[in-house]
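Please read them alongside the coordinates.

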Amino acid sequence: MATRSQTAAVLLAGALALAACGSGGAQAPAAQSGAKTLVIDTSFDLKTADPGRTYEPTGLIVGKATYETLLTFDGGDVTKPVPALAESYELSEDGKVVTLKLKQGATFADGSPITADDVVFSLTRVRDMKGTPSFLLDGVEVAKADDSTITLTSKQANPALPYILPNPALGIINSKLAKQNGATTDPQDKAEQYLNSTSAGSGPYLIESFNVSSQVVLKANPKYYGTKPAYDKVVIRNVEAATQKLNVQRGDSQVALNLSGDQVAGMPANLQVDKTSSANVIFLFANQNQEISKTTPNAKFVEAVRKGVDYAGLLELAGEGATQAPGVIPSQILGALGADQAAKRDLEGAKAALAASGLSNPTVKLEYPSELTVNGLSFQPLAERIQANLKEVGITVDLNPAPVTTALDNYRNGKEEMGLWYWGPDYPDPSDYLVFLPGKTVGERAGWKAGSDKTVEESGEKAAVAVGDDLRKQAYADMQTKLNASGPFIPLIQPSQNIVTAASVTGLEYHPVWTVDVADLGVK
Amino acid sequence: MSNTASGKTLQPDRVPEPARARRRGSHPLARFLVRRLLTAVLLAWGITLVTFVLTNMVPGDPVAANLGQRALGDPAIVAQWRAEHGLDKPLWEQYALHLRGLLQGDFGTSQQSHRPVSQDLAEFVPATLELAGAAILVSLVLGVGFGVVAALRRDRLSDHLLRVLSLIGISVPTFWLALVAFYVFFYRLQITPGSGRVDPALGGAPPVTGLQTIDALLAGRWDIFASAAGHLVTPALVLALYTIGLLTRFTRSAVLEVLGQDYVRAARAKGLPGRVILFRYVLRSALVPIITVAGLAFGSLLSGTVLVEAIFAWPGIGQYAYKSATTLDLPAVMGVGLVVGVVYLVINLIVDVLYGVIDPRVRLQ
């Protein structure tokens, strides 16, 4: 009786194994099947496809492909805005008014022309809906001068505006279509669900399907009036970094966006690896609020930390392509400090500063998001390295990791004694970094109240209203130098952004705002 | 269970009992079913309470997780958002509203996808069920098969081999195995397809059941079916390995126990063919412990899918649950909790009913 059942079991196992090999082996990788489908693997940070609410990296990739903005950037160069839906723009001498002329002949995906009214509606909606990106247009009045002219007026000089306008959140939507589906210019707006299923824009791609946790499928916009994109279909999938690597190596995907420096080391020659330092700046801060800590508001303590961190060691952890951040403004953006101005480790100096602080063997709590990775780099090893560095100085650091939602709460409420976080540019303009000043968003998080550092604040005010590239460059460099001297922030590194593409993909350029412009990618 | 089951010839006194029960007006199996169903409803209510309480105990503010920095600074918008999502009401009232919604099939609106949670679940649950279902099928067939073989060939080489294999199956962590399997079969040997449920260039079949393989067949798309089945193989096998190991061990010991019983020896002595003894006597008696283990294993299989889904980029409920938890999307978290809880309940119910079917004594208890 044994033999029969045994045979049955063995046969069954064999059949299953055969099925496994058979159906799998018949599979041809997408790239070779002839249909021009591009598969992009990325770790999703995605909430919506409504441009007026988009703020997350993955959302910006989708937004850039499906909507057009008034201005844009050429490739990865963020130092000069160039025309897109607007054929030209002009900034008034006092820096308060931006006048834009609309391009003629541009149409939405449904064939209707893009009008000045669409522009006014779209921008007003973003501002007044109070979604995440609405701050981009805080205090900016949008008006139609004539059928093809728009003016954007700010109360104070706003030379950053042309650098803000390329943000995909400010994509122009088909106002008639959007209004029919619940779009309004106040917080009551109900168009998001509609915009998550259909894109009402004029971009080279349309949304075919959209899912915040698994994948987004884009298809080429048949009515696109500009240069037709090379791929008929783009699939953006939510894939873990480790799996991304195998997928792109095997040819199952053509682009992998989130590999760390370690993961791209030793990539086979048939893949292209683009390594650039990202525009994300990882920094450390010491809370200045006496109620939160008796230790960290001490200026000499901050100096000890600044001199005690081993920046070269952190770079080693981050891998090839990463750079040290000399100031809070990343290297790609106007006003960034030169590499020669970066802080260096000075162990003796750090010990001396600690001695001068009057604190003996201080213990501080360092909080950071445990599962968050920036460009494939996890915060955990960085925090451990900093802990070891400061131990040598004589500072005991208690590591306090928490899931990002919990950690973010403490951070936003200014409750962290010391924090390890990062800042990515909302728009590639130095004015985005005024938030580090006392009393501003990030300053407050570090317990740095308005009025607590007159020198830094004055330099910031000056930088904010400076008009003209040279003046602004100087003003922002000056602000950062002062920030480094007396502020609670210690800029650490800009991790490397590593993008791996198949040999067949051309035209990839890392962009600090939208990571990659899908429509720019070609086929070899 | 051991010395009573099935052997009619050996235990004629079993027969009158169901007859007695029938006289009382209803079939014992029917009464048993009603009793179990009522318990299940009570338990389902308990699940809603537990998921609600646990979800609302999570530290972290859903408002901050969902509204932008600027909107957070505007108390009117924050108040409006809280009111819209019912967060301004006392907890008990929120729970009452939640429960009323559930009874009407309304799971609330997800704060991340801005769609009804029921709609999200309808999209993700089938993917997980397809994966877990394939895994449980494979486990039952292989696990029970291996267990029987091992028991029948006790202390021979094949028995030792199977026991070692089952031990490995139980001991190896699923997520590690998933990574290794993905690396070996997909990347090294290139015999299995990569991430997701189906080749992205093909797209999916029009959704009817939500099960990609079935939908492809319904649409007559053999290419999609082949792709979907191929994508299913590795994750399902990875997921099944633990359950296979568990079932092999339990089946083996259950079968060995039955094989030692007098009535089996008697049957053998009477010269009944081996096949009859195996299926009519041995397996039937061994089935109760096997079903118990299979039911429990299905639970571990569901929790295993979270990691397996992450590694194979399988768009199932695991990924949805992770995303919901990290964005403090409370309605979605509660929806997932409820669905998983109810799946457990249903499995337990099925197991209980199967006991009743296999072993008449259970219905009378």
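1. Accessible areas here come from the Shrake-Rupley method with a 1.4 Å probe. On that basis, the accessible surface of chain B comes to about 17300 Å², of which 68% belongs to carbon and sulfur atoms, while chain A has about 19600 Å², with 51% belonging to carbon and sulfur atoms. Please keep in mind throughout that this is a predicted model.

2. The secondary structure of the two chains should be read chain by chain. Chain A contains 16 helices and 23 strands, whereas chain B has 16 helices and zero strands. Buried residues make up 57% of the 524 residues in chain A, and in chain B they make up 49% of 365 residues.

3. On the overall dimensions of chain A, a compact globule of 524 residues would have a radius of gyration near 24 Å, and the value for this chain, 25 Å, agrees with that. Taken along the principal axes, the box filled by the C-alpha atoms of chain A is roughly 85 × 80 × 40 Å.

4. Among contacts with a separation of 6 or more, residues 24 or more positions apart account for 71% in chain A, and the corresponding share in chain B is 72%. As for charge, chain A carries 46 positive and 58 negative charges, and their mean positions are 3 Å apart.

5. For chain A, the unreviewed UniProt entry lists residues 80-439 as "domain: Solute-binding protein family". In the model this span is 27% helix and 25% strand, and its end C-alpha atoms lie 30 Å apart.

6. For chain B, the unreviewed UniProt entry gives "domain: ABC transmembrane type-1" for residues 125-355. Over those residues the chain is 80% helix and 0% strand, with the end C-alpha atoms 27 Å apart. UniProt, again in an unreviewed entry, also lists "transmembrane region" for several spans of chain B, including residues 131-152 and 224-247. The model makes residues 131-152 of chain B 100% helix, with end C-alpha atoms 31 Å apart; residues 224-247 of chain B are likewise 100% helix, and there the end C-alpha atoms are 32 Å apart.

7. Which residues of helix α7 of chain A are buried? They are T243(A), Q244(A), L246(A), N247(A), V248(A), Q249(A) and R250(A), so that, with buried meaning under 20% relative accessible area, this helix of residues 241-250 is mostly covered, seven of its 10 residues being buried. The helix is followed by G251(A), whose phi is positive, near 95°.

8. Is K176(A) buried or exposed? This lysine, which lies in helix α5 (residues 175-180) of chain A, has a relative accessible area of 61% and is therefore exposed, the cut-off being over 50%. From K176(A) to G203(A) there are 27 residues in sequence, and the C-alpha atoms of the two are 17 Å apart in space.

9. I499(A), in strand β21 (residues 496-502) of chain A, has a relative accessible area of 0% and is thus buried. Leaving aside neighbours within four places in sequence, I499(A) is in contact with residues from several parts of the numbering, among them V255(A), A256(A), L257(A), Q272(A), V273(A) and D274(A), as well as L508(A), Y510(A) and T515(A). The C-alpha atoms of I499(A) and E509(A) are 9.0 Å apart, for a separation of 10 residues in sequence.

10. With a relative accessibility of 10%, A313(B) counts as buried.

Technical notes:
Residues are numbered from 1 along each chain as its sequence is written. Chains are lettered from A and ligands numbered from 1 in the order in which they are written. This is a predicted model: local features need pLDDT of at least 70, side-chain atom pairs count only at pLDDT 80 or more; totals for chains, interfaces and linings use all residues. Side-chain values use heavy atoms; hydrogens and water are left out. Helices (H or I, at least four residues) and strands (E, at least two) are DSSP runs, numbered from the N terminus. The radius of gyration is taken over C-alpha atoms; the globule rule is 2.2 Å times the number of residues to the power 0.38. Buried means under 20% relative accessible area, exposed over 50%, partly exposed in between (1.4 Å probe, protein chains only). Contact means heavy atoms within 4.5 Å. Lys and Arg count as positive and Asp and Glu as negative; His and the chain ends are not counted. The place of a charge is taken as NZ of Lys, CZ of Arg, CG of Asp or CD of Glu. UniProt positions are given in the numbering used here, feature names are shortened, and annotations may be inferred rather than shown by experiment.
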